[in-house]
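Please open the structure in the viewer and keep the selection tool at hand.

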Amino acid sequence: MLTGHRTWQFENAPVIISTGTVGGPFEANGNIPHAFNILHDDIWLEQASFEKAQQVMMEEACQIAIKNSPIDKEQVSFFISGDLINQITPSSFAAKTIAAPYFGLFSACATSMESLALSAFILNGNGAEYILSGTSSHNAAAEKQFRYPTEYGGQKPPTSQWTVTGAGCALVAKTGEGPRVTSATIGKIVDMGMSDPFNMGGAMAAAAVDTIMTHLKERNVDASYYDLIITGDLAHIGREVALDLLHQNNINLPAEKFVDCGLTIYREDQPVLAGASGPACSAIVTYGHFLDLMKKGELTKILVVATGSLHSPLSVNQKDPIPCIAHAVSIESGSGIV
């Protein structure tokens, strides 16, 4: 199952049998409102805090995935999740409601594909029957923790990004109907010495390229094998840097086949500066938008490369550079698997 040094190839190809996606009012006005099962018209969700609202969205996404599947809640073997907020409390508190054995992760905005990779690994090795894999984020909660409360009205540079308010969850099974998880390449820390938390896309670009190049080499496929290579939240700045780096390394990837979730979820005229970010960004766009295109037969093979900036408020205040990571997961339709 281990191919090369960092890539798992899943002989049993676990199946994404259902998904659940939830968003807020800003996402409802975005580019892909059809990708959501639930869209809330209030970022508070009638909760006492933004963090509690994020917890509720994670619970809703999991509940939708179970409802849209052929199984009962009690059949879920594990819940694997994480988020950006201190000690991943929205995920851990949601796990109390989900009431399944729980793995808590922190991989920042790369959490979506880290959780999916681990879910597939466990299922491929007969370690479970069904696993809920997901993540969430909330714009106001992230702003409060990492930057300034929104009430402060602080100015941001054009390189900064807008954290998605939402949650995305996949219910992954050993067998069933749906897109299959065929391989995963686990990222390693790439530190370019950048310390500007308002330019996460630029900081994460090299990590994305490192993982993409490793995946193609260790799986022994060309970039053309995939209909799309999809990054998590590089946004405008990071995507351009990553595409340049790929071309410099002789990865011939046409620009139209290299897409970014952070440039997909919102409209061009929304005030998101460089684009979207947040753990929910790649989870929602992958599970709600690209998997829908696969089910329609418009895509057969995609490589999703979720990118994460692993800084904290403490590390930023201490002027540390930003360590970054990217985890890649290949998802293929049944007819497209070779």
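Begin by selecting strand E14, residues 301-309, in this predicted model. Nine of the nine residues of E14 are buried, and the strand is therefore described as mostly covered, since buried means under 20% relative accessible area.

Which way does strand E11 (residues 228-231) run relative to E14? The two strands run parallel and are joined by four bridges. To see one of these pairings, select Ile 229 together with its bridge partner in E14, Leu 303. Then select strand E15, residues 324-332, which runs antiparallel to E14 and is joined to it by nine bridges. Here Ser 309 stands opposite Cys 324 of E15.

The second stop is strand E7, residues 130-137, which is also mostly covered, with eight of its eight residues buried. On one side of E7 are Tyr 130, Leu 132, Gly 134 and Ser 136; on the other are Ile 131, Ser 133, Thr 135 and Ser 137. Strand E5 (residues 78-82) pairs with E7 in the parallel sense over five bridges, and Phe 79 has Leu 132 of E7 as its bridge partner. Strand E9 (residues 166-173) runs antiparallel to E7, with eight bridges between them.

Now select Thr 163, which lies in strand E8 (residues 162-163). Is Thr 163 buried or exposed? Its relative accessibility is 2%, so Thr 163 counts as buried. Apart from neighbours within four places in sequence, Thr 163 is in contact with Ser 137, His 138, Asn 139, Ala 142, Arg 147, Tyr 266, Ser 277 and Gly 278.

For the last stop, select helix H2 (residues 50-67) and helix H3 (residues 89-98). Their axes are 8 Å apart and meet at an angle of about 45°, so the two helices are oblique to each other. The crossing of H2 and H3 is right-handed. Display the side chains at the contact: H2 contributes Glu 51, Gln 54, Gln 55, Met 58, Glu 59, Cys 62 and Gln 63, and H3 contributes Pro 90, Phe 93, Ala 94, Thr 97 and Ile 98. By class, this contact has six nonpolar, four polar and two charged residues.

Terms used
Residues are numbered from 1 along each chain as its sequence is written. This is a predicted model: local features need pLDDT of at least 70, side-chain atom pairs count only at pLDDT 80 or more; totals for chains, interfaces and linings use all residues. Side-chain values use heavy atoms; hydrogens and water are left out. Axes are lines fitted to C-alpha atoms, for helices over the stretch in contact, and angles run from 0 to 180 degrees between N-to-C directions. Angles under 35 degrees count as roughly parallel, over 145 as roughly antiparallel, 65 to 115 as roughly perpendicular and the rest as oblique. A crossing is left-handed if the near helix is turned anticlockwise from the far one by less than a right angle, and right-handed if clockwise. Contact means heavy atoms within 4.5 Å. Ala, Val, Leu, Ile, Met, Phe, Trp, Tyr, Cys and Pro count as nonpolar, Asp, Glu, Lys and Arg as charged, and the others, Gly among them, as polar. Buried means under 20% relative accessible area, exposed over 50%, partly exposed in between (1.4 Å probe, protein chains only). Two strands pair if DSSP finds at least two bridges between them.
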